[in-house]
Amino acid sequence: MKCPLDGSFSKGELQRFGNIELNPSSGILNYGQGLFEGLKAYRKEDGNILLFRPEENALRMKIGAERMCMPAPTVEQFLEAVKATVLANKRWVPPPGKGSLYIRPLLMGTGPVLGLAPAPEYTFLIYVSPVGNYFKEGLAPINLVVENELHRATPGGTGSVKTIGNYAAVLKAQAAAKAKGYSDVLYLDCVHKRYLEEVSSCNIFVIKGNVISTPAIKGTILPGITRKSIIDVARSQGFQVEERLVSVDELLDADEVFCTGTAVVVSPVGSITYLGKRISYGDGGTGVVSQQLYNILTKIQMGLLEDDKNWTVELR
Ligand code: PMP
């Protein structure tokens with residue numbers, strides 16, 4: 001059986017937020033054939049709304065759909081649907097500096113399949129919600145713990161796509177970490193148990209002097225759009241950025257560590273606990289470089305800095 005990669009998506013309609021009906025034998029419920037995306041809309045001082053790099057989310061969904069053996073909306077369909085949804089929910093986009101509207105596109109196999117196979121029908125839907133800071137720490141540094149036994153992704157698996165099952169895989173370790181007072185979990189590679197991968201919902205960067213290192217995209221971590229943007233911003237600020245294998249030992253003498261993601265933006269890391277030993281960064285505040293990168297990125301996202309890279313899409 002071939003993957004139904006060329007399915008066509010008919011134009012959808014706007015509906016009030018509420019429950020949806022699903023066939024009990026749908027591909028999403030039985031075999032986890034589903035992908036999601038996450039992006040944000042920000043309100044500018046003039047009242048207009050900015051989306052941040054939405055075509056990157058559309059492309060990532062397309063690549064993910066190929067891995068999940070499912071058809072994806074075209075980039076144009078994705079953008080049109082996101083714009084229509086945000087415009088219909090304009091009043092929920094918080095005022096400048098007071099948060100953002102989080103946009104959650106979902107693609108899933110909704111047709112019935114009893115024996116294991118790709119679903120015969122697919123649904124693309126989007127819902128939105130106003131959000132503030134992701135971590136309860138707000139913009140203050142977060143505290144991570146390195147997970148030594150559980151992994152979120154394996155080589156050849158689905159770690160590099162935004163499929164729902166990847167998130168089910170982290171729930172246990174994340175809940176255990178939170179119960180012990182940590183903000184989140186930092187995962188290691190499952191082969192050597194030595195190289196940094198990522199945090200449950202964000203990418204990780206390690207700063208030493210003028211060099212900013214981040215794990216290379218090699219099939220087991222999500223190619224974050226914020227990660228890609230911060231690499232660009234950091235290079236344009238004169239930092240040397242290295243995408244490579246980053247050993248857990250490098251955490252010991254790093255100057256600063258931070259995480260990136262749509263939800264977490266740029267979150268400074270205050271401490272990382274590895275094999276029971278707590279490694280602390282800075283004096284409890286945000287590191288200078290993390291703050292500098294945060295400021296530039298968020299100003300572009302909110303329309304306060306010239307967007308010379310054409311990253312934002314303005315809606316009226
Ligand atoms: N890694 C994981 C596992 C994630 O869920 C996310 C959030 N999408 C990220 C990294 C960061 O990706 P982005 O910057 O595109 O939000």
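Colleague: How many residues does helix α7 have, and what distance does α7 reach from its first C-alpha to its last?

Modeller: Please note that this is a predicted model, in which local features need pLDDT of at least 70, side-chain atom pairs count only at pLDDT 80 or more, and totals for chains, interfaces and linings use all residues. Residues are numbered from 1 along each chain as its sequence is written. Helices (H or I, at least four residues) and strands (E, at least two) are DSSP runs, numbered from the N terminus. The expected span of a helix is 1.5 Å times one less than its number of residues. Helix α7, residues 288-301, has 14 residues and reaches 20 Å, close to the 20 Å expected.

Colleague: Which residues of α7 are buried?

Modeller: A residue is buried if 20 or more other C-beta atoms, placed from the backbone, lie within 10 Å of its own; it is exposed if 12 or fewer do, and partly exposed in between. In α7 the buried residues are Val-289, Ser-290, Leu-293, Tyr-294, Leu-297, Ile-300 and Gln-301. They cover an arc of only 135° around the axis (taken from the directions from the helix axis to the C-beta atoms), which puts them on the same side of α7. As a general idea, an α-helix has 3.6 residues a turn, so residues three or four places apart point the same way.

Colleague: Why does Gln-301 count as buried?

Modeller: Gln-301 counts as buried because it has 24 C-beta neighbours inside 10 Å. Two residues are in contact if their C-beta atoms, placed from the backbone, lie within 7 Å. Leaving aside neighbours within four places in sequence, Gln-301 is in contact with Tyr-42, Leu-50 and Phe-52. Gln-301 and Arg-53 are 248 residues apart in sequence, yet 9.3 Å apart in space, C-alpha to C-alpha.

Colleague: Which domains does the assignment give for the protein chain?

Modeller: Domain bounds come from an automatic or database domain assignment. Here it gives domain 1 (27-131) and domain 2 (142-301). Their C-alpha centres lie 24 Å apart, and the contact takes 19 residues from domain 1 and 12 residues from domain 2. On the side of domain 1 that touches domain 2, the elements giving two or more residues are β1 (34-36), β2 (39-43), β3 (49-52) and α2 (54-67). The largest share of that side, six residues, comes from α2.
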